[in-house]
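Student: I am new to this structure and would like to know what the terms used for it rest on. Please go through them with me one at a time.

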Amino acid sequence: MNIINSVEEQEKLCNRLTDDNIKISLIPTMGNLHLGHESLLKASLNDDYRIVSLFVNPLQFNNYKDYENYPKTIKKDLKILKSYNIDCLFMPSKEDMILKTNHDIERKLPDFANILCGKFRKSHFQGVYSIVKKLFNIIKPQKAYFGKKDFQQLLLIKYLVKECFKNNIEIIECETIREKNGLAMSSRNNNLSIKQNRLAALVYNELVSLKKSLKNNNISLFPKLREEIIRKLSKQDIKIEYLDILCRNNLNTPTEKDIDVNIFVAFYIGDVRLIDNIEI
Ligand code: AMP
């Protein structure tokens, strides 16, 4: 596996590959790879030339301590990437990605970036947008892989591809991978005790029963069920940041007629913030 740290070198390699008509796939990550990431690696197995980027993006953290404490497991990550025959690991420096970049931070993002996580994590999506745009410009992938676990991020990436890349990058959407108890895999799960992990899984159980209730009835029941769930979970010290039902294509508030909807949740267990979503 080719390991590249310099933006210039990565650009040169990708220009060469593109000139040779080799199709490039990109799987962006922040490292600390788990089975969720592995599902993206698996989905890309038959592609021509597969590049994984590993960059902990400081622009998408609201809290510097959270950024500094982000788990780093590079030895283990390398093993995983090699086991999936990844062709190239791009691991750029903060200097190249942040300091030497014009970040276009004034860019107005679509309204859907200001709700859910965008409401509670100011400038998070500006940071995501800026760094993914830079990665796409360096690597010029034909395909890029993203997880539905970060559903709002996925919509933003599709918007980026439309706005800046003339829809010329195919975005492959991968299903959320969960632990046995239902909790969506996340690097942040490492920060949960065993007991907290069990509590976190209760939120997924609630999403599943909400899904059943709403399928059998209709979404007008949602506000009442939502209050019940928030009350029930708060008794277990689970603090819901948001719990919303929205159209999955544009994050608009659904009407009775809308059938393509997801439930989105963000919650705290102690000081660990987790997100999840489920299709109805
Ligand atoms: P991250 O390293 O957290 O930035 O995630 C890198 C990519 O992996 C993103 O596209 C995520 O949506 C995806 N991902 C993270 N966790 C999961 C999961 N549990 N299931 C599926 N994809 C995931």
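Tutor: The model is a predicted one.

Student: What makes up the area buried between domain 1 and domain 2?

Tutor: That area is about 1600 Å², and carbon and sulfur atoms give 59% of it. On the side of domain 1, L116, F120 and F151 supply 35% of the area buried against domain 2, more than any other three residues.

Student: Why is the pair R188 and D66 called a salt bridge?

Tutor: The cut-off is 4 Å between a side-chain nitrogen of Lys or Arg and a carboxyl oxygen of Asp or Glu. R188 and D66 have an N to O distance of 3.2 Å, and the pair therefore meets the rule. Across the interface of the two domains the rule finds two salt bridges, and the whole structure has 13.

Student: How do you know that K148 has a salt bridge with E175 and another with E279?

Tutor: The closest N and O atoms are 2.8 Å apart for K148 and E175. K148 lies in the loop between strand 5 and helix 8, and E175 in the loop between strand 6 and helix 9, so the pair ties together parts 27 residues apart in sequence. For K148 and E279 the distance is 3.8 Å, and the limit is 4 Å, so this pair counts too. E279 belongs to strand 9, so here the parts tied together are 131 residues apart in sequence.

Student: Why is K148 called buried?

Tutor: Buried means under 20% relative accessible area. K148 has 12%, so it is buried. E175, at 53%, is over the 50% needed for exposed. E279 has 36%, which falls in between, so E279 is partly exposed.

Student: What about R248 and D260, whose closest N and O atoms are 3.5 Å apart?

Tutor: They form a salt bridge. Both residues lie in the loop between strand 7 and strand 8, twelve residues apart in sequence. R248, at 15%, is buried, while D260, at 37%, is partly exposed.

Methods:
Residues numbered from 1 in each chain as written. Predicted model: local features only at pLDDT ≥ 70, side-chain atom pairs only at ≥ 80, totals over all residues. Heavy atoms only, no water. Helix = DSSP H or I, 4+ residues; strand = E, 2+ residues; numbered from the N terminus. Buried < 20%, exposed > 50% of the residue type's maximum accessible area, 1.4 Å probe, protein only. Buried area = accessible area lost by both parts, 1.4 Å probe.
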